[in-house]
Amino acid sequence: MNELSRLQSIILAIGGTLMVTGTGCVVFGLMPKVAAIVFAIGAVAFVAMQAQNVYTGSNFVIKRLRRTMLIADACFIIAALLLLENVFRIIFPYVATSVDGYNNYLRYVNNNWVVALLIAALLEMYTTHRIAYELKKEQNS
């Protein structure tokens, strides 16, 4: 894996911090509209910097883990979009024009950002630790 520059590492850390701050504020009801925007900005910054960190080696396991990490990144972005929809209700008036539309909105959109965030966080933790282990194993051999 190539090393991120100092600025990229700082942006990655700030993006992660913004995601955690935004999530906490939304969960506790502290300025949910601002918190949703903070989370979305953090998610975009985190995903953008993580996309800059590419693996150029030939280890198949690390390549597979990087693809899994990209799925986690997509889940972070989906969580941000669902959170923005949950707070601002942008598509709600267009979808909930009938009882079926309202029920579908509740089933597929309302508060499902938590599920996408949970999936992303679990995949991120798994891949981060496994990639570090595989890189250490690769250096020792």
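Colleague: Where is the place of Arg89?

Modeller: In this predicted model, Arg89 is placed in the loop between α3 and α4.

Colleague: What makes Arg89 partly exposed?

Modeller: The relative accessible area of Arg89 is 33%. Partly exposed residues lie between the limits of 20% for buried and 50% for exposed, so Arg89 belongs to that class. Arg89 also has a positive phi of about 50°, although it is not a glycine.

Colleague: How do you know that Arg89 lies over the face of Phe92?

Modeller: Arg89 is at 4.9 Å from the ring centre of Phe92. The distance must be within 6 Å, and the charge must also be within 35 degrees of the ring normal. Arg89 is accordingly counted as lying over that face.

Colleague: Why is the pair of Phe92 and Tyr105 called edge-to-face?

Modeller: The ring centres of Phe92 and Tyr105 are 4.8 Å apart, and the angle between the planes is 65°. Rings pair if their centres lie within 6.5 Å, and planes over 60 degrees apart count as edge-to-face; therefore the name applies. This pair links distant parts of the chain, with Phe92 in helix α4 and Tyr105 in helix α5, 13 residues apart. Together with Tyr102, the two residues form one aromatic cluster.

Colleague: Why does Tyr105 count as buried, and why does Phe92 count as partly exposed?

Modeller: Tyr105 has 1% relative accessibility. Buried means under 20%, so Tyr105 is buried. Phe92 has 23% relative accessibility, a value between 20% and 50%, and therefore Phe92 is partly exposed.

Colleague: What makes α1 roughly antiparallel to α2?

Modeller: The axes of helix α1 (residues 6-27) and α2 come within 7 Å and cross at roughly 150°. Angles over 145 degrees count as roughly antiparallel, so α1 is described in that way relative to α2. The crossing of these helices is left-handed. By class, the contact of α1 with α2 has 16 nonpolar residues, eight polar residues and no charged residues.

Colleague: Which loop holds Asn111, and why is Asn111 called partly exposed?

Modeller: Asn111 lies in the loop between α5 and α6. The relative accessible area of Asn111 is 41%. This value falls between 20% and 50%, so Asn111 is partly exposed. Phi of Asn111 is near 60°, which is a positive value in a residue other than glycine.

Note on methods:
Residues numbered from 1 in each chain as written. Predicted model: local features only at pLDDT ≥ 70, side-chain atom pairs only at ≥ 80, totals over all residues. Heavy atoms only, no water. Phe/Tyr/Trp six-rings, centres within 6.5 Å; stacked < 30°, edge-to-face > 60°. Helix = DSSP H or I, 4+ residues; strand = E, 2+ residues; numbered from the N terminus. Buried < 20%, exposed > 50% of the residue type's maximum accessible area, 1.4 Å probe, protein only. Axes fitted to C-alpha atoms, helices over the stretch in contact; angles between N-to-C directions. Parallel < 35°, antiparallel > 145°, perpendicular 65-115°, else oblique. Left-handed = near helix turned anticlockwise from the far one by under 90°. Nonpolar A, V, L, I, M, F, W, Y, C, P; charged D, E, K, R; others polar.
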